[in-house]
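Work through the exercises below with the sequence and the 3D view open. Try each task before you read its solution.

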Amino acid sequence: MKSRKEIEKVVVEIVTTGTELLLGQIVNLNAAYLAEGLNKLGFDVLYQTTVGDNRDRMKQALTIALDRADIVITSGGLGPTQGDITKEVSASLFDKELSLHQASLDNIKEICAFRGYPMAQNNIKQAMIPDGAIVLDNACGTAPGIILENNGKVIINLPGPPFEMKDMFQKKVIPYLTGKYGMDSIILSRVLNTVGIGESTLEESIEDLILAQSNPTLALLARPGEVIVRITAKASTKKEAEQMIEVLESEIRNRIGEYIFGTDDIGIEEVVGNLLKKKHLTIACAESCTGGLLTSRITDVPGSSEYLYGSVVSYDNEVKISELKVPASILGSVGAVSEETAKAMAEGIRSKFNTDIGIGITGIAGPDGGSNEKPVGLVYIAITGHSGTKCYKNQFKGKRTAVKYRATQTALDIIRRYVKET
């Protein structure tokens, strides 16, 4: 079994292939998935490359990868068409000829028969395997993967469709890598999700920790409406890595804990839902400029019917008056985009559905409709319940969709804080 230091000397490069990736027609999810999986195994992925379906450029990219990496893992280019060239280019770099692999051909025929159509002649191309390669059976599609070994270098070809690639990586590649390298170390990450604090302010709050980082490491990443803090530790065991992370996480929470709403993959919608269920509280939403987006995000969580009673999209002032009982005098004096209207909307929706909490959102999403007094991006968010009525004035930047999303992100954080204090 290799030690952690020995494993860290094994350089890995991910090469994703496909002109559609370079054109931006699809998002490159495979690279992120492979990088995360390899890091969990204890490997450091030092390089990522994307190359189109061009034989010369792909050969150049793989040549460079093999020159600086011990393991090169590709995804894409294993299909039956003329543009699927990854396997052929990989084989040529190791001077390997391709021969028909009968077991793979039989598997392709069975899949085609099961799907109810005859096997096309060009599917035979997928069963052509480089001499001496390890064949990785594809349980989800027709393209087998391969592993080529040559003078200490390894090329692993995986299919491009994410569900095929993920299945093959989990069932075939991980056992191969653990068997070949026998890792006794891991890389573990924990993500702290924050909302309500900007990236610059957050960085200032933990700047000394960032400057002093070694192991664990710290990284900040801004996302729409939130900033994440990623803590990554390398250790011999998962328990050791967790302990290392916990020490640093505790210090970070001491400084910015009020802004941390959850860890790892949990979204703020789920956090809010869990809090509402835990305290047996119900909620209803009155939305204007967000057009129902807050309600949609709340209902993205399974079981949200336990706490969400309903909502009203009161885009027109007449709907605010008739459905939410917003006084016409308020709309006439201070307008629809105002603290008074937001409070009235929140109180009106709570009364309408007889819920514990009501929330009202009104604002100007743009790009038109703003003024010097009420610019585009101005959004009032009000919340009411047993702890009284509160309203928050916000000024968001960005395009219309960005303003709407940031408004709902802030609204969810307001609900989170209000419920915790209730």
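**Exercise 1: Pockets**

The largest pocket has a volume of about 720 Å³. This is a predicted model, where local features need pLDDT of at least 70 and side-chain atom pairs count only at pLDDT 80 or more, while totals for chains, interfaces and linings use all residues. Residues are numbered from 1 along each chain as its sequence is written, and side-chain values use heavy atoms, with hydrogens and water left out.

Task: find the residues closest to the centre of the largest pocket, then describe its lining.

Solution. 

Step 1. On a 1 Å grid over the protein atoms alone, a pocket is an open set of points where a 1.4 Å probe fits, with protein on both sides within 12 Å along at least five of seven lines. Lining residues have an atom within 4 Å of a point. A volume is the space filled by probe spheres set on the points, which are joined across faces, edges and corners.

Step 2. The lining has 27 residues, and Glu36, Ser189, Arg190, Val191 and Arg230 are the closest to the centre.

Step 3. Name the elements. Helices (H or I, at least four residues) and strands (E, at least two) are DSSP runs, numbered from the N terminus. At least two lining residues each come from α3, β9 (186-194), β10 (217-223) and β11 (226-235). The largest share is that of β9, with six residues.

Step 4. Sort by class. Ala, Val, Leu, Ile, Met, Phe, Trp, Tyr, Cys and Pro count as nonpolar; Asp, Glu, Lys and Arg as charged; the others, Gly among them, as polar. The lining holds nine nonpolar, eight polar and 10 charged residues.

Solution. 

Step 1. Two or more lining residues come from each of β1 (11-17), α2 (19-22), α3 and α7.

Step 2. The classes are 10 nonpolar, 15 polar and five charged.

**Exercise 2: Aromatic rings**

Task: how many aromatic pairs does a search of the whole structure find? Describe each one.

Solution. 

Step 1. Rings of Phe, Tyr and Trp (its six-membered ring) pair if their centres lie within 6.5 Å; planes under 30 degrees apart are stacked, over 60 edge-to-face, and the rest tilted. The search finds two pairs.

Step 2. Tyr33 and Phe169 are edge-to-face, 6.1 Å centre to centre with 75° between the planes. Tyr33 is in helix α3 (residues 29-41) and Phe169 in helix α7 (residues 162-181), 136 residues apart.

Step 3. Check exposure. Buried means under 20% relative accessible area, exposed over 50%, and partly exposed in between (1.4 Å probe, protein chains only). Tyr33 is partly exposed at 22%, whereas Phe169 is buried at 0%.

Step 4. Phe43 and Tyr181 are also edge-to-face, with 5.5 Å between centres and 85° between planes. Phe43 lies in the loop between α3 and β2 (44-51) and Tyr181 in helix α7, so this pair ties together parts 138 residues apart in sequence. Phe43 is buried at 0%, and Tyr181 is buried at 8%.

Task: which charged residue lies over the face of Tyr47?

Solution. A charge sits over a ring if NZ of Lys or CZ of Arg is within 6 Å of the ring centre and within 35 degrees of the ring normal. Arg68 lies over Tyr47, 4.0 Å from the ring centre. Lys180 lies over the face of Tyr181, at 5.8 Å.

**Exercise 3: Cysteines**

Task: how many disulfides does a search of the whole structure find?

Solution. A disulfide is a pair of cysteine sulfur atoms within 2.5 Å. The search finds zero. The sulfur closest to that of Cys285 is in Cys289, 13 Å away, and therefore too far for a bond. For Cys391, the nearest cysteine sulfur is that of Cys289, at 12 Å.

**Exercise 4: Backbone**

Task: where is Pro216 found, and where does Lys325 lie?

Solution. 

Step 1. Pro216 is in the loop between α9 (207-211) and β10. A cis peptide bond joins Asn215 to Pro216, with omega about 15°.

Step 2. Lys325 is in the loop between α13 (317-324) and α14 (328-333). Lys325 is not a glycine, yet its phi is positive, about 60°. Lys325 is exposed at 61%.
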